[in-house]
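Student: I should like to learn how to read the features of a structural model in an orderly way. Could we take them one at a time, with the general idea stated before each case?

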Amino acid sequence: MNAEMTPSLLVNAIPMPQWLAEREQACLDQPVPGDEAKMRLVVELAVENVRRGTGGPFAAAIFDIRTDRLVAFGVNVVVPSNQSWAHAEMTAFARAQNLRKSHSLKGCMLVTSCEPCAMCSGATPWSGVEKMVYGAPRSMAEKVGFDEGYKGWLWSPAFKKRGIRVIGPLLGQDANAPFELYKKNNGEIY
C-alpha cells in the first residue's frame, strides 16, 4: 500500500470515561419513563463528570422515544480530549450513531443537561432526533463563564418547524448543580 492509500484518522479516538461506560451498560435494559426522570439521570451524569474530573459540567443522552430505553450517553470531554467539538450532545450523537450504525437518530430524543450551545443546536436537526429536552437554560452556563454562542432567539420555533419538539428548561435550580460544582472546583472555562 502506498502512502496515498494509507488510512488515517481525522482525529484520535476519544475514549468514553470508564464510569460512564459502566453506567451506560447498567441502564441499557431499563426504560426511563418521563422527561423529568430522564433529565434527573442526565444532570446526575453531568455532576459525576465534574466530580470525577473527566470533563465539563454537561451531559446528554439519546433515548428511543417509543420504548423510553437508553440508546447512548455522552458527556463533555473538551478539555481531556483537546477537541473543542467534544460537547455532551456531540458525543451522545456520535455514540448513538455508532451503536445504531446509522447517521440518523430518527425515532429518538436528545436529553441534555443544558440548553444546547450554537454548535450543538446546529447539529441537532442533522442528527435526526425528533424531540429535545433540556435542563438548565443557557444563562446558567454563561453565569459561570461559558460562551454558548449566538443561535438566534427563535431557535425553538425553528426546531418545531423541522419536526423537533423542544421541552425545557426543566428541573429549575436542580439543573444548576453541575455548574455550581464546576465553579467550586475551579474548573477550566473553555
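Student: Which exposed residues does the face of helix 8 turned away from its buried side carry?

Tutor: Some conventions come before the answer. This is a predicted model, in which local features need pLDDT of at least 70 and side-chain atom pairs count only at pLDDT 80 or more, while totals for chains, interfaces and linings use all residues. Residues are numbered from 1 along each chain as its sequence is written, and side-chain values use heavy atoms, with hydrogens and water left out. Helices (H or I, at least four residues) and strands (E, at least two) are DSSP runs numbered from the N terminus. Buried means under 20% relative accessible area, exposed over 50%, and partly exposed in between, with a 1.4 Å probe and protein chains only. On the face of helix 8 turned away from its buried side, the exposed residues are Lys183 and Lys184.

Student: Which residues of helix 8 are buried, and why do they line one face of the helix?

Tutor: An α-helix has 3.6 residues a turn, so residues three or four places apart point the same way. In helix 8 the buried residues are Pro178, Phe179, Leu181 and Tyr182. Viewed down the axis of helix 8, these buried residues fall within an arc of 165 degrees, so they line one face; the arc is that of the directions from the helix axis to the C-beta atoms.

Student: What covers the buried residues of helix 8?

Tutor: Cover is judged by contact, meaning heavy atoms within 4.5 Å. The cover includes helix 2, strand 3 (108-114), strand 4 (131-136) and helix 6 (138-143).

Student: How is the packing of helix 2 with helix 8 described: roughly parallel or roughly antiparallel?

Tutor: Axes are lines fitted to C-alpha atoms, for helices over the stretch in contact, and angles run from 0 to 180 degrees between N-to-C directions. Angles under 35 degrees count as roughly parallel, over 145 as roughly antiparallel, 65 to 115 as roughly perpendicular and the rest as oblique. The axes of helix 2 (residues 35-51) and helix 8 (residues 177-184) come within 8 Å and cross at roughly 10 degrees. The two helices, helix 2 and helix 8, are therefore roughly parallel to each other. Helix 2 contributes Val43, Ala46, Val47, Val50 and Arg51 to the contact, and helix 8 contributes Ala177, Pro178, Leu181 and Tyr182. These contact residues divide into eight nonpolar, no polar and one charged, where Ala, Val, Leu, Ile, Met, Phe, Trp, Tyr, Cys and Pro count as nonpolar, Asp, Glu, Lys and Arg as charged, and the others, Gly among them, as polar.

Student: What span should helix 2 have, and how far apart are its end C-alpha atoms?

Tutor: The expected span of a helix is 1.5 Å times one less than its number of residues. For the 17 residues of helix 2 this should give 24 Å, and the end C-alpha atoms are 24 Å apart, which agrees. The buried residues of helix 2, including Lys38, Glu48 and Asn49, pack against helix 1 (18-27), strand 1 (59-64), strand 2 (70-75), strand 3, strand 4 and helix 8.

Student: Where does the backbone take a positive phi, and which peptide bond is cis?

Tutor: Aspartate 68, with phi near 65 degrees, is placed in the loop between strand 1 and strand 2 and is partly exposed at 22% relative accessible area. Asparagine 186, with phi near 55 degrees, lies in the segment after helix 8 and is exposed, at 67%. Just after helix 2, glycine 53 takes a positive phi of about 70 degrees. The cis peptide bond runs from glycine 168 to proline 169, with omega near 0 degrees; proline 169 lies in the loop between strand 5 (165-167) and helix 8.
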